[in-house]
Amino acid sequence: MSAKSVSGEAKRMKAAVFREGKLKLVRDYPVPVPAKGEALIKVLQAGICATDLEILKGYMKFEGVGGHEFVGQVVRTSEASLADRRVVGQINCVCGQCDMCSSGLSNHCRNRTVLGIAGRDGAFAEYLVLPQDNLHVLDEKLTDEQAVFVEPLAAALQIVKQVSIDKRWKIAVLGDGRLGLLACQVLARDNRSVLLVGKHRHKLLVADKKGIRVSLVDEVVGRNDYDLVVDCTGSPTGLKLAVKMVRPRGTIILKTTIAAPVECDLSPLVINEVRLIGSRCGTFSDAIEALSSGEIDISGLISRTFPLERIDEALKFAAEPDSIKVLLRMQA
Ligand SMILES: [Zn+2]
Ligand SMILES: [Zn+2]
């Protein structure tokens, strides 16, 4: 029986579940029961991200309902201000008590679960639960499609929280995929010279239309003269290229999370005293603001939308080199 009603009575739902290296549609998955302080959310749309494709290859060894980028509607909550509201949600669910949480670094909570990535069922389902504190209510300014980009855009905005961008810098973003296309827009706000480096002409064209300089990777020469290189390739070779491009005392930001080990000679980093910074999740309110104001524009970034029933097809399409963001629509 599928969960069509929002009364909270439905016990079973459709969900796409990672199990033994596959993501399979299950039609009678139990509807999650919110714990104290959690809300039950009806998922409207969800985004497929490179991390989901990496989980298929064994990243994080996660089993359970996939998906962490979503927009939904709250259907059960103890918090009146959230009732029936359209929301997005921070994916890290934290304890609030460990040393990381008490020092203001709750994204690094030692006891965290992460929606659809670690220890917690995710958004490729008709319903999900999240702590109420994780939710951000949306107003009408944002479409559902824009809202699905809040999570990845927050991750892109984390770059400018970690490094303050100088407008005179020479900056390169490696990777013309979902994250690279957001990261170059984020950096271009403070630095007009940002260069997006990729392998796919039509993806580069999306950035080009937004006024960003682009280059095919084959045409890039590693001259060790970039102040900042951001690796969004999602490939084990991204770091290698970044090392060839970054200047002495420059900075590399790593956004790539992959199941495969990365092989790279690190001695140039020592010799050139390069700063290497890992970068993960960011602040949702910043992303909501940047999308609402039109500062970050998602046009051209959605390749296709599939119903949840066609998850197999959607995943295959998302893994194709030509596709950018693939969305899932949960409700038939
Ligand atoms: Zn993601
Ligand atoms: Zn904690």
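Colleague: Before we start, what should I know about the numbering and the model?

Modeller: Residues count from 1 along each chain as its sequence is written, while chains are lettered from A and ligands numbered from 1 in the order in which they are written. This is a predicted model, where local features need pLDDT of at least 70, side-chain atom pairs count only at pLDDT 80 or more, and totals for chains, interfaces and linings use all residues.

Colleague: What is the mean pLDDT of the chain?

Modeller: First the idea: pLDDT is the predictor's confidence in each residue, from 0 to 100. Here the chain's mean is 94, and 97% of its residues reach 70 or more. Over residues 1-5, though, pLDDT is below 50, and that stretch has ten contacts in the model beyond near neighbours in sequence. A contact is a pair of residues whose C-beta atoms, placed from the backbone, lie within 7 Å.

Colleague: How many helices and strands does the chain have?

Modeller: Helices (H or I, at least four residues) and strands (E, at least two) are DSSP runs, numbered from the N terminus. By that rule the chain has ten helices and 19 strands.

Colleague: And how does the radius of gyration agree with a compact globule?

Modeller: That radius is taken over C-alpha atoms, and the globule rule is 2.2 Å times the number of residues to the power 0.38. For 332 residues a compact globule would have a radius near 20 Å, and the chain has 20 Å, so the two agree. The C-alpha trace spans about 60 × 45 × 40 Å along its principal axes.

Colleague: Now sheets. In what order do the three strands of the open sheet come?

Modeller: Strands of a sheet pair through backbone hydrogen bonds, either parallel or antiparallel. In this case the order is β2-β1-β4, with antiparallel pairing. β2 (22-30) and β4 (64-65) stand at the edges with a single partner strand each, so one side of each has no neighbour in the sheet. Two strands count as paired if DSSP finds at least two bridges between them. Seven bridges join β1 to β2, and A16 stands opposite L25 in β2. Two bridges link β1 (residues 12-19) to β4, where V65 is the bridge partner of V17.

Colleague: What lies between β1 and β2?

Modeller: The two strands form a hairpin with two residues between them, and E20 in the turn has a positive phi of about 50°.

Colleague: Which residues of helix α10 are buried?

Modeller: Buried means 20 or more other C-beta atoms within 10 Å of a residue's own; exposed means 12 or fewer, partly exposed is in between, and C-beta atoms are placed from the backbone. In α10 (residues 311-319), the buried ones are I311, A314, L315 and A318. Down the helix axis they fall within an arc of 100° (judged by the directions from the axis to the C-beta atoms), so they line one face of α10. They pack against several elements, including β1, β2 and β18 (302-307).

Colleague: Last one: which domains does the assignment give?

Modeller: Domain bounds come from an automatic or database domain assignment. It gives domain 1 (12-149 + 301-329) and domain 2 (155-278). Their contact takes twelve residues from domain 1 and twelve from domain 2.

Technical notes. Two residues are in contact if their C-beta atoms, placed from the backbone, lie within 7 Å.
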